[in-house]
Amino acid sequence: MRKIFWILLPLLFAGKTAPGATPGDLIPAPVEYSLTSGNVESAKLAQLPEKVKVSQKAFLKRLNGRKLTDWQLRGAYWLEVGKRGVKIEAADEEGVFYARQSLKMLEALDSTVACCTILDWPRFQYRGLMLDVSRNFQDKEFVKKQLEMMALLKMNRFHFHLVDNPGWRLQIDAYPRLTQLAAWRPIADFWEWEESGGEVLGGRFVEEGTPGAYGGYFSKKDIAELLAFATERHIEIIPEIEMPGHNFETRAAYPELACSLKKTPDDWELCPGKESTYEFLEKVLLETFEMFPSPYVHIGGDEAGKRNWELCPDCQARMKAEGLQSVEELQSYMIRRMERFAHEHGKRIIGWDEILEGGLAPDATVMSWRGTEGGLKAVSQGHDVIFTPTQYCYLDYHQDPLQYKPAGRLLTLEKVYSFEPLVEGISEADARHVLGLQGNLWTEWVHEAWHAEIQFYPRAFALAEVGWSQPEKKNYPDFERRARAWSAVARQMGYNVYESK
């Protein structure tokens with residue numbers, strides 16, 4: 001990655017007379033820093049000696065009595081840039097990595113770097129982005145490119161939305177039809193496909209290899225490659241296997257997973273009454289667990305239409321046998337059962353805030369997307385929460401009224417930056433349950449890779465700072481200055497970054 005920077009710097013900064021990049025130019029903003037005399041040419045910095053010390057005892061002295069949690073300590077670092085070289089101290093290799101990311105950003109921002117020291121650590125342990133590859137597919141090289149930028153921004157969770165109504169994107173050996181059929185459709189554009197009857201009338205998938213078929217999926221080899229790439233960058237990839245809703249594609253491949261009696265047009269759900277449904281989910285999850293080392297698996301749980309369950313004899317029999325009084329309790333039964341299965345294999349589940357309906361599974365983590373109310377409720381019950389409310393974190397929302405294929409409401413960079421994950425109503429005692437925040441890119445309106453990137457950037461820069469930096473550091477005019485500078489560098493690196501008019 002550094003070699004790219006050396007090539008770009010002369011192009012970016014030819015003739016520039018600025019004093020050099022300082023820690024005050026970084027995204028996310030560090031906890032504290034100081035400038036010393038002089039500066040170093042960015043192109044020569046990599047040639048200087050680097051001295052690294054990994055010692056918790058030594059780093060605790062740097063903190064001078066300040067208390068950090070174990071996870072904060074793992075990501076914390078002290079960095080010194082001098083004319084004679086670079087020094088890094090950290091309690092863990094993760095901190096060393098983040099120190100080097102700060103150095104990379106400084107090198108890229110200007111032709112010289114000011115001599116300085118930085119002491120820094122993260123505010124929240126979960127600093128994430130989500131990419132939906134079901135509605136519109138992006139390949140592993142695109143994913144790697146975004147993981148690279150996430151690393152530079154010190155973001156550490158990548159939520160991989162792999163399955164949904166318009167396409168299944170993960171190889172599962174036990175159920176080959178999921179990728180032989182349900183990964184391919186005859187119409188590329190999501191809305192054209194849906195309007196053609198794709199989600200309502202059924203059967204709108206085609207066999208792999210069909211001329212003109214649109215789609216794709218990640219093989220187990222692809223996933224292993226992505227995981228190795230992410231691990232090197234201290235990023236955890238969390239897979240999502242949707243249940244019980246958003247399973248139109250699953251049922252196209254395996255129709256027997258549907259309810260026995262179909263009466264409603266929005267019939268996208270698995271049947272929670274049939275035992276074969278649980279057999280299917282358990283086999284899929286077992287292979288998913290084998291592929292992804294993350295302690296978490298996301299199970300969706302959102303937007304499940306339940307009218308069919310009220311009519312399905314299998315669902316009604318299940319409710320009677322389990323003493324369930326409502327279809328909401330039937331969904332909760334399914335989520336709790338899958339949570340037990342996950343626990344048996346050393347995993348924990350995450351779900352969208354609908355999993356609160358009918359009673360929450362005991363150890364579930366909630367992603368609060370319908371505002372912050374679900375998160376507040378979950379925290380009050382002692383559950384961990386990741387905030388991703390639509391009004392701040394939905395990156396498919398447009399950035400100006402004239403934007404190409406606008407979706408949803410207007411969501412500006414300033415609005416994203418204004419989000420505070422410790423929302424009003426969370427007590428100091430409950431704050432430990434707020435793991436962090438996540439930006440979500442749903443792709444109904446986003447087909448091309450360049451379009452996906454302008455939806456991510458620069459708003460992901462804001463999310464990175466909200467997740468890492470201390471709240472007293474927040475200053476939007478200064479952040480906007482830094483975001484513009486980093487956007488220019490990101491474009492030279494080959495990223496498509498939205499430019500406000």
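Leaving aside its neighbours within four places in sequence, with which residues is Ser469 in contact? The legend to Figure 1 gives the answer; every view is taken from a predicted model.

Figure 1. Ser469 is found in the loop that runs between helix 19 (459-468) and helix 20 (476-492). Apart from neighbours within four places in sequence, Ser469 is in contact with Pro28, Ala29 and Arg123. A polar atom of the Ser469 side chain lies 2.7 Å from the backbone oxygen of Ala29. The relative accessibility of Ser469 is 3%, so this residue counts as buried.

**Figure 2. Glu94 in helix 5.** Helix 5 covers residues 93-109, and Glu94 lies in it. Because its relative accessibility is 16%, under the 20% limit, Glu94 counts as buried. Once neighbours within four places in sequence are set aside, the contacts of Glu94 are Arg74, Gly75 and His234. Val133 is 39 residues from Glu94 in sequence, and the C-alpha atoms of the two are 29 Å apart in space.

**Figure 3. The nonpolar cores.** In the largest nonpolar core there are 146 residues, and Phe160, Trp168 and Trp486 have the most contacts inside it. Helix 5 supplies the largest share of this core, 9 residues. Phe160 is in contact with residues beyond four places in sequence, including Leu131, Val133, Val143, Phe218 and Ile223. Other contacts of Phe160 include Leu226, Ile237, Ile238, Pro239 and Glu240. Another core, of 10 residues, lies apart from the largest one; among its members are Phe59, Leu73, Ala76 and Trp78. In soluble globular proteins, nonpolar side chains tend to be buried together.

**Figure 4. Aromatic pairs and an aromatic cluster.** The count of aromatic pairs comes to 30. In one of them, Phe97 and Tyr98 have ring centres 5.7 Å apart and planes at 65 degrees; an angle over 60 degrees counts as edge-to-face, so this pair is edge-to-face. Phe97 counts as buried because its relative accessibility is 13%, and Tyr98 is buried with a relative accessible area of 0%. Trp168 and Phe280 also form an edge-to-face pair, with 6.5 Å from centre to centre and 65 degrees between the planes. This pair links distant parts of the chain, since Trp168 is in strand 9 (residues 167-168) and Phe280 in helix 11 (residues 275-291), 112 residues apart. Both Trp168 and Phe280 are buried. One aromatic cluster is formed by Phe190, Trp191, Trp193, Phe205, Phe248 and Trp445.

**Figure 5. Lysines over tyrosine rings.** The charged end of Lys145 sits over the ring of Tyr495, at 4.9 Å from the ring centre. Lys474 lies over the face of Tyr417, and here the distance to the ring centre is 5.1 Å.

Figure 6. Cys115 is in no disulfide, and the nearest cysteine sulfur, that of Cys116, is 7.4 Å away. Cys115 has a relative accessibility of 2% and therefore counts as buried. For Cys259, the closest cysteine sulfur belongs to Cys271. Cys259 is buried, with a relative accessible area of 9%.

Terms used. Residues numbered from 1 in each chain as written. Predicted model: local features only at pLDDT ≥ 70, side-chain atom pairs only at ≥ 80, totals over all residues. Heavy atoms only, no water. Phe/Tyr/Trp six-rings, centres within 6.5 Å; stacked < 30°, edge-to-face > 60°. Buried < 20%, exposed > 50% of the residue type's maximum accessible area, 1.4 Å probe, protein only. Helix = DSSP H or I, 4+ residues; strand = E, 2+ residues; numbered from the N terminus. Lys NZ or Arg CZ within 6 Å of the ring centre and 35° of its normal. Contact = heavy atoms within 4.5 Å. Polar contact = N/O pair within 3.5 Å; in protein donor to acceptor, adjacent residues only side chain to side chain. Disulfide = S-S within 2.5 Å. Core = buried A, V, L, I, M, F, W, Y, C linked by side-chain atoms within 4.5 Å.
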